[in-house]
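Biologist: Could you take me closely through the aromatic rings of this protein, how they pair and what lies over them?

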Amino acid sequence: MKRNIVFIVLSFFYLQVFSGDFNNNRIQPYSENPYYWQYNGRPVFLIGGSSQDNLFQIENLEEELDLIQSVGGNYVRNTMSSRDVGNVAPFEKSDGLYDPDTFNEEYWKRLERFLELTAERNIFVQIEIWAFHDFTGYWPENSWNPSNNKLFTEYNTNLKTEAYGNNRTYVHNFFHSVPSLNNDVLLLSYQKRFVDKLLSYSLKYDHVLYCITNEIFSQYSTDWGWYWAEYLKNKADESGVGIEVTEMYQEVNLEHDQHKASLDFSETFTFLDMSQNSFNCDQEHWDLLQYVRHYIRESPRPINHTKTYGGQLYWTSGANHGVERFWRNILGGAASTRFHRAYGGGGIGISERAQKNILSASMLAKEYNFFSSIPDNNSDMLFEREPDEAYPAKNGDNDIVVYFPDGGQVILNLTGLSPRYRLRWLNIESAEWIDSRERIIEGGCIFELAAPFKGNWVALLSCKEE
């Protein structure tokens, strides 16, 4: 065999007790290329989409997970949020107020069921513990708000009852509770109690990644994320379990100083989530991902994109841009990419279009070894290329992939490479290999590579054995 077949979805062996095998088999950075993930000792690429962010709270959970799995998806996001219709809060309610001393067992049963069902279906989970926007725009209804809570007041904690905005002029004291900031002893004790309860379920599973906060804004101290990263890892260590932890910052410019708080601290944040890059479009989107890969080259870690924006909301720039970002993430060396929820207009979720793209990605992964792939960050392999016209990558087998966001043609430089290549075209939107477009290409030369039509295409050039 020329190379081992790479499977994008690996079999789960659900473990109900902690052991050395648990840590060896859990999801963790790939030992041979830490830009990617491994599970059960083998590399795995994470792709997905889902209808909601707090997936554990939805009614048709099994059906949605089955759908994700059926199209080759293996990755979902789960915020611990309670803000949507039909959701339940983490605390019981009596006399019209939430009691933080009494957990709402229905909330935690939903989480447990979600973890069980995803494990059974080989779907990896990225949990976001603190759903930032629940505490800003949705604060008046939040169960932690002193006006809704039996225990917390504006006198025994630093919490305020009034609404908080999401702009950079507000600082919510919920995110300043840690000892180095407000040292809000009462609030912090209940925050820990919440996290401990969460971990009592999630640490039983080896397919879970942990993100502390959803896109926390830049006016907040990085001490918040650092504190919880250490807390999570210490609790996991006490249970004999290894886990991977990150923080997600709101700043859309990945070169901004806010991101240095995770980029520069590989021991604290063992992977990165750069979802906010999907505010950016076209060549800038690609270039910023390449900036991050280059920045962490001395301590490479998986770069996740648990949210890929592109939907009806104006700031997402539309669904076409969402698809393009999804594929630039894949070709650009990210470890995961997932379509953001369609609910609210931020993405295309698990719509029919998302399904086709997820399926196309899984089809490509069966033919191309991403785990030895290196993106051509400056597109040096291409001549006569316009900005954002095409994006190439090459793996250790000298196989080449080129992504065209909207058709086009470039000159591909094969000088010094394989004697012969088999060229195939993948129609991303229909999830089909176009057999009529197959060609044998002589290596060691340059040639014109033209997409069959307008729209999203991937060219795969596989080294052809004599």
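Modeller: What follows is a look at the aromatic pairs and at the charges over rings. This is a predicted model, in which local features need pLDDT of at least 70 and side-chain atom pairs count only at pLDDT 80 or more, while totals for chains, interfaces and linings use all residues. Residues are numbered from 1 along each chain as its sequence is written, and side-chain values use heavy atoms, with hydrogens and water left out.

Rings of Phe, Tyr and Trp (its six-membered ring) pair if their centres lie within 6.5 Å, and planes under 30 degrees apart count as stacked, over 60 as edge-to-face and the rest as tilted; by this rule there are 51 aromatic pairs. One of them joins Trp144 and Phe174, edge-to-face at 5.2 Å centre to centre with 80° between the planes. Both residues lie in the loop between β8 (124-130) and α4 (185-202), so the pair ties together parts that are 30 residues apart in sequence; helices (H or I, at least four residues) and strands (E, at least two) are DSSP runs, numbered from the N terminus. Trp144 is buried at 3% relative accessible area, and Phe174 is buried at 0%, where buried means under 20%, exposed over 50% and partly exposed in between (1.4 Å probe, protein chains only).

Phe279 and Tyr309 have ring centres 5.1 Å apart and planes at 70°, so this pair is edge-to-face. Phe279 is partly exposed at 25%, whereas Tyr309 is buried at 2%.

A charge sits over a ring if NZ of Lys or CZ of Arg is within 6 Å of the ring centre and within 35 degrees of the ring normal. The charged end of Arg293 lies over the ring of Tyr35, 4.0 Å from its centre, and that of Arg424 over the ring of Trp433, 4.2 Å from its centre.
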